[in-house]
Every structure is written in structure tokens, then in C-alpha cells.
Amino acid sequence: MKDEKIINGNCWVAYFDILGFKNKTRLNNGQLPVLAYMYSEVADRINKEKENLKEVGSQQYDCVWFSDSFLFYSFDDSINSYNIIYFAAHQLFDYMIITKKWLLRGALTAGDFYADRNSNIYLGEALIDAHSFTEKQDWIGLVLTPNAHAKLVASDHNPFTWVDGLGFREYDVPIKRRRYDNGTEKITLDCEKLWAYHYRTNDCRRDMIMDSMRSACNRGGGLAIEHRRKYENTLRFYEAPCQCSVCGKI
Ligand SMILES: [Zn+2]
């Protein structure tokens, strides 16, 4: 087996899951190889991006996936590594949504992380943080966790101009809170102020994502209420005027 180095320390971690994957696997019942083929195209794309970065001498991250979960991690928590993880994460987000029409939720965080690729062991507070912020989002989106944002603020860069410049804006992100009442799961809808990745006002990808959300909403029959809500929440985000340093100038 190839000898991969063990990562242990503070890292940038991005986690994603695919919305509605349960249905995709059900619909492909008996035809899982078809789904696997589509999946392999995503894997090829991720590996190609990694090779491209290696060619320019900056392969400072790795990615693993299992079922509908994708995990990207850097080898340290430098700003340079943030840029690389951000790049890899938003490339996947854009590609999946725009090209594949597979809708993702994801979160990018900073924190303690351990990865041993040879033994397939991935652990740490950063993974739990990124996973919980991914799961609770009630839309299609990619957010910076408060830990990641604090880390950027603490860096030498001017975080607001800098984060804005990379496509994040502050927003009341719709979330789901889960609690258990006498063994029954109760879900409350709420929102949390977070930095969320967005396509700027003049970006054609913004129109594409809005079109796909609208057509998903208009598909009518059979669309589960919680899916419709996620699409509508996403549309609301893109329809709200953006004051970020990039959109604000347009
Ligand atoms: Zn903006």
C-alpha cells in the first residue's frame, strides 16, 4: 500500500453531503452501477483538480468520500492552506450543482484533526464541527463555521474584504434544530448568522442555480415539503440584495 503521511494537528476541513441521496440510491435500486458510474465522474474530477494543484507545486490537501459524504482536509491551518481548501471545496460545490445537478450542503471549518489514509481513520473536533454545520443547514449551500471565521479574523489578512473577495457573504442561514421529546424527534426551523458562499450578482452561475431551484420548485407533484423549503430558502438567499464588497460595487 502507498505510504501516505499521517496528518495530526490544526487543519482546515470541509465536509459535504448530497441532498436527496437516499432517493437517488432507491431510484437506482438494482442499477447501483449506474449511480456508481456517475459517482466515478465526480471522483475523476476531484483527482484531476488535485493533480493540477500538484503540478503547480501546491498539493497541500487530500479528499476522501464515502456514500454521500465528501471530506477535504489540508495538512495545516495556514492561510495558504485555507485558500487551497476553499478552492477545492467550491470547485466541487460548483461542479456538482451546475454540471451534475446534484445539490450539496457543506461547511468549512478549522480545528484539530487526525487523518491516517492508510488505515482509513479520520477523527477530530474539526470533522464533528464541519459535519454538524453541514447537517443543520436547511438549504443548498456552503458556509464558514464560526471557528473558521474566527481563524480568518485572527489572521493577518483583513478578513472582511478578503472573505468577501472570495465569495462569502454574511446571512441569516436557515437551519434545523433537532431535539428529542419523550423519544420523539422534534425539529424547529431557525436561522443562524454565518458566512455563506454565494455567486455574485453578475455571475452567470447565480442565474443557473436560481433556474435549477425554480424548476425544482415548479416540478410540482411528489416534491417533499422539506425539499421545497430548501429550494425556496436557497432562492431567497440569492434574491436578497447583497452588500458584500464585490456585489455592492456592481
Ligand atoms: Zn455579494
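1. Glutamate 192 touches Val173 and Ile175, leaving aside residues up to four places away in sequence, where a contact means that the C-beta atoms of two residues, placed from the backbone, lie within 7 Å. Glutamate 192 is found in strand 8 (residues 184-197); helices (H or I, at least four residues) and strands (E, at least two) are DSSP runs, numbered from the N terminus. Its C-alpha atom is 6.6 Å from that of proline 174, although 18 residues separate glutamate 192 and proline 174 in sequence.

2. The model is a predicted one, in which local features need pLDDT of at least 70 and side-chain atom pairs count only at pLDDT 80 or more, whereas totals for chains, interfaces and linings use all residues. Residues are numbered from 1 along each chain as its sequence is written.

3. Glutamate 192 counts as partly exposed because it has 15 C-beta neighbours inside 10 Å; a residue is buried if 20 or more other C-beta atoms lie within 10 Å of its own, exposed if 12 or fewer, and partly exposed in between, with C-beta atoms placed from the backbone. Of the 250 residues of the protein chain, 30% count as buried.

4. Glutamate 170, which lies in strand 7 (residues 168-181), has 17 C-beta neighbours inside 10 Å and therefore counts as partly exposed. Not counting residues up to four places away in sequence, glutamate 170 touches Lys193 and Trp195. Proline 33 is 137 residues from glutamate 170 in sequence and 40 Å from it in space, C-alpha to C-alpha.

5. For helix 7 (residues 204-218) and helix 8 (residues 225-239), the axes come within 9 Å and cross at roughly 150°, the axes being lines fitted to C-alpha atoms over the stretch in contact, with angles from 0 to 180 degrees between N-to-C directions. That angle makes helix 7 roughly antiparallel to helix 8, a term used for angles over 145 degrees. Residues that meet across this pair include Ile209 and Met213 in helix 7, and Tyr231 and Leu235 in helix 8.

6. Overall, the secondary structure of the protein chain comes to eight helices and eight strands. The radius of gyration is 18 Å, close to the 18 Å that the globule rule gives for 250 residues, so the chain is as compact as a globular protein of that length; the radius is taken over C-alpha atoms, and the rule is 2.2 Å times the number of residues to the power 0.38. Among contacts with a separation of 6 or more, 67% are between residues 24 or more positions apart.

Definitions and conventions. Parallel < 35°, antiparallel > 145°, perpendicular 65-115°, else oblique.
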